[in-house]
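Me: I would like to learn how to read a protein structure feature by feature. Could you take me through one?

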Amino acid sequence: MLADQGQEEGQLAAMLAQRAYDAAIVTWATPRTAHVPQLAGIPVRVGQSRRLYSWRFTHRVPVRSEDGDLTSHWVQILLDYARAIGCDTQNHIPKFVPTADDRSQADVLYRQLDRKEQPFAVVHPTNAIAPKRGIWPTAGWVDLVTQLQARLGCEVILSGAAADAAIVGEIAARTDTQSIAGRANIGAFAELARRSCCFVGITTGSMHVAAAVGAPTVGIFPFQSDTPERWAPLGPNTAIVRASYPCPAGERKETCPDYACIAHLDVPRILAAAESVMKTGISAG
């Protein structure tokens with residue numbers, strides 16, 4: 001196993017060496033990813049400080065979050081690596097541009113849904129914890145989806161990973177909506193989000209993709225342990241809904257016994273946020 005890993009590192013380093021890069025930025029390193037740029041002979045190498053392998057970097061960056069910073073957005077923390085070598089940008093909004101293949105895949109999925117030609121919103125009701133615990137409540141999402149359709153006058157498509165299919169399918173069945181959980185890769189999802197009138201979802205990667213593709217985006221941060229300042233969606237038209245349910249102090253999403261905050265989503269605040277960001281009329285696409 002170690003021999004195989006060493007061979008992979010050597011092959012990757014050789015490829016990078018052929019490209020003769022002037023600098024390499026390793027934003028979240030491991031011993032292996034710290035070794036590869038050095039092995040490739042890249043002269044300027046940027047990575048974290050305070051690691052056993054940090055000596056491999058020519059520029060070592062302290063990570064703000066490790067010093068107790070809970071408010072800097074993660075984009076700014078990542079940009080610290082570029083700033084270490086004199087690179088910065090005034091535009092810190094991530095941008096995701098779907099490719100022609102992404103658009104084609106979205107077209108296929110769109111036709112499979114057999115939808116009417118009318119505006120639709122995308123709702124993402126799960127995070128990585130949801131399918132693992134087996135106790136993810138759906139009643140709050142059913143209420144939200146039902147009221148979104150009535151209040152915004154648009155259909156709802158439910159999204160999720162393949163592991164989320166059972167949870168998302170239950171919500172879909174109870175709201176007469178359709179699920180694309182596990183059916184869309186990141187590019188096809190991005191294109192569908194771009195075409196939507198809005199995206200509403202729990203804080204997860206899909207929320208960031210939707211914001212980056214320009215969809216009006218509402219990020220729901222239901223847990224008291226969430227840090228919306230750090231993980232808020234960044235895009236041209238976004239809003240966040242902070243935790244409001246009175247969870248016991250110190251309760252963590254990984255070990256929560258009942259996910260009561262999910263069962264009691266603050267639907268009025270989420271609806272108000274969705275209305276504030278939603279496009280008027282049928283979205284482009």
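The dialogue below goes through the chain, its salt bridges, its aromatic rings, its backbone and its cavities.

Me: What kind of model is this?
Reply: This is a predicted model.

Me: How many helices and strands does the protein chain have?
Reply: The protein chain has 12 helices and nine strands. Its C-alpha trace spans about 60 × 50 × 40 Å along the principal axes.

Me: What share of the residues is buried?
Reply: A residue counts as buried when its relative accessible area is under 20%. Of the 285 residues in the protein chain, 46% are buried.

Me: How many salt bridges are there?
Reply: To count one, look for a side-chain nitrogen of Lys or Arg within 4 Å of a carboxyl oxygen of Asp or Glu. The count comes to 16 salt bridges. One of them joins the side chains of Glu-66 and Arg-51, at 2.6 Å from N to O. This pair links distant parts of the chain, 15 residues apart. Glu-66 lies in the loop between strand S3 (59-61) and helix H3 (74-83), while Arg-51 lies in the loop between strand S2 (44-48) and S3.

Me: Which residue does Arg-195 form a salt bridge with?
Reply: Its partner is Glu-191, and the closest N and O atoms are 2.8 Å apart. Both residues are in helix H8 (residues 186-195); they are four residues apart, so about one helical turn separates them. Arg-195 has a relative accessible area of 10%, so it is buried. Glu-191, at 1%, counts as buried as well.

Me: Which residues are linked in a network of salt bridges?
Reply: The network is made of Arg-64, Asp-80, Arg-83 and Asp-88. Within it, Arg-83 forms a salt bridge with Asp-88, where the closest N and O atoms are 3.1 Å apart. Arg-83 counts as partly exposed because its relative accessibility is 28%.

Me: How many aromatic pairs are there?
Reply: For this, compare the centres of the rings and then the angle between their planes. The count comes to six aromatic pairs. In one of these, Trp-136 and Tyr-259 have ring centres 5.1 Å apart and planes at 55°, so the pair is tilted. Planes would have to be over 60 degrees apart to count as edge-to-face.

Me: Where in the chain do Trp-136 and Tyr-259 lie?
Reply: Trp-136 is in the loop between helix H5 (130-133) and helix H6 (139-152). Tyr-259 is in the loop between strand S9 (238-241) and helix H11 (260-263).

Me: Which residues form an aromatic cluster?
Reply: Trp-28, Trp-74 and Trp-231 form one. The ring of Trp-28 also has the charged end of Arg-51 sitting over it, 5.7 Å from the ring centre. Arg-51 is the residue that meets Glu-66 in a salt bridge.

Me: What is the phi of Tyr-259?
Reply: Phi of Tyr-259 is near 50°, a positive value in a residue other than glycine. Asp-176 also has a positive phi, near 55°. Asp-176 is found in the loop between helix H7 (165-175) and strand S6 (178-179).

Me: Are Tyr-259 and Asp-176 buried or exposed?
Reply: Tyr-259 has a relative accessible area of 1%, so it is buried. Asp-176 is at 73% and therefore counts as exposed.

Me: How many cavities of 30 Å³ or more does a search find?
Reply: Rolling a probe the size of a water molecule over the atoms shows where empty space is left. The search of the whole structure finds two such cavities.

Note on methods. Residues are numbered from 1 along each chain as its sequence is written. This is a predicted model: local features need pLDDT of at least 70, side-chain atom pairs count only at pLDDT 80 or more; totals for chains, interfaces and linings use all residues. Side-chain values use heavy atoms; hydrogens and water are left out. Rings of Phe, Tyr and Trp (its six-membered ring) pair if their centres lie within 6.5 Å; planes under 30 degrees apart count as stacked, over 60 as edge-to-face and the rest as tilted. Helices (H or I, at least four residues) and strands (E, at least two) are DSSP runs, numbered from the N terminus. A charge sits over a ring if NZ of Lys or CZ of Arg is within 6 Å of the ring centre and within 35 degrees of the ring normal. On a 1 Å grid over the protein atoms alone, a cavity is a set of points where a 1.4 Å probe fits but cannot get out, and a pocket is an open set with protein on both sides within 12 Å along at least five of seven lines; lining residues have an atom within 4 Å of a point. Grid points are joined across faces, edges and corners, and a volume is the space filled by probe spheres set on the points. Buried means under 20% relative accessible area, exposed over 50%, partly exposed in between (1.4 Å probe, protein chains only).
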